[in-house]
Amino acid sequence: MDDFVKLLENEVQIAALSLFALMYAARLLWLRSLPQPMEKMEPKGSARRGILLSFGSVLMPWSMESTRKHFSVYVEFALFHIAIAIAIGATFIHPYAKGALTDPVVYTFVAFLSIGTVVGVLRGVRRVSQPELRALSTPDDYFTITIITIYFPVAIWGLVSDSNWGLIAYFGLTTFLLIYVPWSKISHYLYMPFTRFYHGFLFGRRGVTVPKLRSATEG
Amino acid sequence: MATRAATPKTDGDAGKAAMDVLASKLTRELAVNMHACVHCGLCFDSCHYYLATGDPKVTPAYKAEQLRRLYKRRYDWMGRLLPGWVHATQPNEEELDKLYDVAFGSCTMCRRCNLSCPMGLDMGLIMRTARSMLTAIGRVPSGLQETVDTHLATGNNMGISREDFIETVEWMEEEVQRTVGDPDFKIPLDQPGTEYLMCLNPREVKFYPLLFLAQFKTCYAAGENWGLCSTAWDATNYALCSGDDAACKQIVTRHLDEAARLGAKTLVLTECGHGYRVYRWEAQGWYGKPLPVKVVSYVELAARYVRDGRLRLDPTRNPDPVTYHDPCNQARSGGIVDEPRYILKNAVMDFREMTPHGVHNFCCAGGGGALAMPEFRDRRLEAARTKAEQIRATGAKIVATSCHNCIDQLTEVSRHYKLGVRVLNLCELVANALVIEPRGASTAQGTPVVRSTRTAS
């Protein structure tokens, strides 16, 4: 049993990660092959400042109307993604730096993973109950929120349980996710740097989201 | 001259042709916009269609999804392997109908949702791509297509002949002479080396010539070196709205080549939202080389004149409360936000902002060529409810704006929602407030040019 856990923690994870990286590399190479003409008209604002603001807006909920109006959704987003980062991060810490998983660290992780589970349930309920989201949702949306919400308690089980079954479930599910993620909407984070870049470039350059270089009303 | 109206293609052909257009327009930016939506729902209440109707099928994400479904079937790994899992689908008749309905009937490409999207997606880009695909297969509202066809065939979107244009200009010349008290006033026409070449909206020429009279008065009062070109004066380009890049290129190229032939230095766009966006920001993509002229909006020019003291304005001549509607293509897609406010603060006594305003202003629901699509009229008026409520809340008697589509839509909205406001171009308020000192004559008062035809009760 111990050998199987070790295999799952190491070789299987590395293989899954390699496949994951290979698929993303293929996607990025494909994106690179596509043309991308950029606007060249004389700028009014600053593309660079626009891009910085665009990326920064993720950490500035007050900067977007949607996150101002729906602040609780923003908080959920933040907590959910912290939990994801912990759940994934712990799969590296456990096999390679187990000593770092002291009791306070584990309890902190468990706290965030528990909150992540609650948020996952809330998000799932909202997706099912809100007609606007239902009209939009695909099986991938429902599956994704379900599997990630399950992933959090499984991660807790793997981190706190003395039994190997907890680790087998945790690393088994991680392996599945590493293989599934590039096929699913979870891979949105691969595209987000691009979309945020283009958003910032457009609105920054045109002086929409950043102060204009030369306003007709200023000297 | 090529006629652009395409014959609607049959099922299989149409789907394939539409997807070929998608392939030809697939840039890196479009591809990431197709992949990155997480269906979070934060864009919903940024859309005036959704706010007015509450219909789950007009949320920005749902509308974009109608194109994504087709995209995923061809370009997404899961969409190709298990299409049902991500709702990927072939571009059959039913799907193209749905795409037509959302792309032309439920979105004005105002880009308000862009600013609310946590991923920073560009819904304007997505919807214009959908329109390009549909236009290429002949599924385009006939009114919109006719506008583009007329522009291609005659050089302006209302088919005004050169003779009629010159005649109208001469009439306006006499009007300016009369109102400013300067019998020597001339409208420079086809003059080589014109510094500022004015572009007009054919509606001004055909129906509301007093509007461009107001602009001419501004140039006269500022002592500007300006003029008109009798063969290239239409500021509009509705091919932007239909998504027809070939037509965009043809219109833009003809206009810019004529401006270059005259040796003009700067193109001054009349108060036209999409026209400004086309020439100020997007023309180079179609023109294929740097523009031979600078591009400026009348609003920017007028603000500069006020700032430099070249225009004397008397705000007491505009005593009624005024609010300003930001045209989406000028504010959100063009960065013109401060200038109209600066002008209004100098030209009117009581300026009131809508909430929200500026780059966050709601679309009037008349953008994206919506006024050229009578088949969606009821939906257009319903979607304007948010705007109507915004206007009503200001208590203003006058709504100023800087776009002809917005003017026409807001006038109809005012009637429909019984707002009892007058809808005016910015230049009309400026002309009203102008204190003109004609050359060689005694001081004259700017004659009011506010029209009664657009007073809605």
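pLDDT is the predictor's confidence in each residue, on a scale from 0 to 100. The structure described here is a predicted model. Chain B averages a pLDDT of 92, and 93% of its residues score at least 70. Over residues 1–5 of chain B, pLDDT stays under 50, and the model has 12 contacts beyond four places in sequence for them. Over residues 441–457 of chain B, pLDDT again stays under 50, with 36 such contacts in the model. Where pLDDT is low, the predicted coordinates should not be read in detail. For the complex, the predictor gives an ipTM of 0.95 and a pTM of 0.93.

Chain A is built from helices. Its secondary structure comes to 9 helices and 0 strands. The C-alpha trace of chain A spans about 75 × 40 × 40 Å along its principal axes. Of the 219 residues in chain A, 34% are buried.

Chain B contains an open sheet of 4 strands. Their order is β6-β5-β7-β8, with parallel pairing. Strands β6 (350–352) and β8 (422–425) of chain B are the edges, and each pairs on one side only. Neighbouring strands of the sheet are turned by 35 degrees against each other on average, direction ignored. Strand β5 (residues 321–325) of chain B is joined to β6(B) by 3 bridges, and the two run parallel. One residue pair can be named: Thr323(B) has Arg352(B), in β6(B), as its bridge partner. A helix also packs here. Helix α20 (residues 404–416) of chain B lies across β5, β7 (398–401) and β8 of chain B. Its direction is at about 175 degrees to β8(B).

The largest nonpolar core has 168 residues. Within this core, Leu267(B), Leu269(B), Ile343(B) and Val430(B) have the most contacts. Helix α11 (residues 209–222) of chain B gives the most to the core, with 10 residues. Another core, of 26 residues, lies apart from it; Ile84(A), Phe112(A), Leu167(A) and Leu178(A) are among its members. The surroundings of Ile343(B) can be listed. Beyond its neighbours within four places in sequence, Ile343(B) is in contact with Val299(B), Ala302(B), Ala303(B), Val306(B), Leu426(B) and Val430(B).

The two chains meet in a contact that takes 53 residues from chain B and 45 residues from chain A. On the side of chain B that touches chain A, the elements giving two or more residues are α2 (28–35), α4, α5 (77–81), α14 (273–287), α15 (298–307) and α17 (338–347) of chain B. The largest share of this side, 6 residues, comes from α2(B). By type, the residues on the side of chain B that touches chain A divide into 22 nonpolar, 18 polar and 13 charged.

Tyr62(B) sits in helix α4 (residues 60–75) of chain B. Tyr62(B) counts as buried because 23 other C-beta atoms lie within 10 Å, and the cut-off is 20 or more. Leaving out residues up to four places away in sequence, Tyr62(B) touches Pro56(B) and Lys57(B) in its own chain, and Ala135(A) and Leu136(A) in chain A. Phe44(B) is 18 residues from Tyr62(B) in sequence, and their C-alpha atoms are 9.1 Å apart in space.

Technical notes:
Residues are numbered from 1 along each chain as its sequence is written. Chains are lettered from A and ligands numbered from 1 in the order in which they are written. This is a predicted model: local features need pLDDT of at least 70, side-chain atom pairs count only at pLDDT 80 or more; totals for chains, interfaces and linings use all residues. A nonpolar core is a set of buried Ala, Val, Leu, Ile, Met, Phe, Trp, Tyr and Cys residues joined through C-beta atoms within 7 Å. A residue is buried if 20 or more other C-beta atoms lie within 10 Å of its own, exposed if 12 or fewer, and partly exposed in between; C-beta atoms are placed from the backbone. Two residues are in contact if their C-beta atoms, placed from the backbone, lie within 7 Å. Ala, Val, Leu, Ile, Met, Phe, Trp, Tyr, Cys and Pro count as nonpolar, Asp, Glu, Lys and Arg as charged, and the others, Gly among them, as polar. Two strands pair if DSSP finds at least two bridges between them. Axes are lines fitted to C-alpha atoms, for helices over the stretch in contact, and angles run from 0 to 180 degrees between N-to-C directions.
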